[in-house]
Amino acid sequence: MTALVDPIDALVSWLRLDSDLVALVGGRVYGGQVPQFENASMPRPLVTVNPAGGGFLGRSQDYGDRRIDVDCYGQTRPESWAVYLASRGRASSISNASSPTGCSWHWANEASRGTSGVEPDTDWPVTYSSWQLLASDVLAA
């Protein structure tokens, strides 16, 4: 059986390698929602990566175009914007690259540029963006 790739984990690991982003958020880049253990320290600089649905999946090919949301938090809206700019710089560098987890990417395109606001349930400042990733469904050889 062929090992499948988790594109969320792949993007999380890719973002965690960027020195500009790490300077802002430390290691606080997570797949899924803000972890429960972080809630007491929020709002602070942090990134979450989530599937956004849509895109297409290759049938006989081992690749697919996925939509992924990247949510960037901060203590203030300007800080969440700075986190977004750092994450955008790193995500946009994906071009015929492989993630540390073995995901082979062809490209990443920002489908929806950063929009700042306040998380409705928590009142935490956040900047939202959506991405399209053309990535392999199986581990790179």
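Me: Where does Ser-99 sit relative to strand 5 and strand 6?

Reply: This is a predicted model, and in it Ser-99 lies in the loop between strand 5 and strand 6.

Me: Why is Ser-99 called buried?

Reply: Its relative accessible area is 7%, and buried means under 20%. The value falls under that cut-off, so Ser-99 counts as buried.

Me: What does Ser-99 touch, leaving out residues up to four places away in sequence?

Reply: Ala-10, Ser-13, Trp-14 and Trp-105. To count as a contact, heavy atoms have to be within 4.5 Å.

Me: How do you know that strand 5 and strand 6 pair?

Reply: Two strands pair if DSSP finds at least two bridges between them. Residues 95–98 and residues 104–118 share three bridges, in the antiparallel sense, so the pair meets the requirement. Along the way, Ser-98 stands opposite Ser-104 of strand 6.

Me: And what do strand 5 and strand 6 form, with how many residues between them?

Reply: A hairpin, with five residues between the strands. Look at Gly-102 in the turn too: its phi is positive, about 95°.

Me: Zooming out, which elements make up the protein chain?

Reply: Three helices and seven strands. From the N terminus on, they run α-α-β-β-β-β-α-β-β-β.

Me: How much of the protein chain counts as buried?

Reply: 47% of its 141 residues.

Conventions:
Residues numbered from 1 in each chain as written. Predicted model: local features only at pLDDT ≥ 70, side-chain atom pairs only at ≥ 80, totals over all residues. Heavy atoms only, no water. Helix = DSSP H or I, 4+ residues; strand = E, 2+ residues; numbered from the N terminus. Buried < 20%, exposed > 50% of the residue type's maximum accessible area, 1.4 Å probe, protein only.
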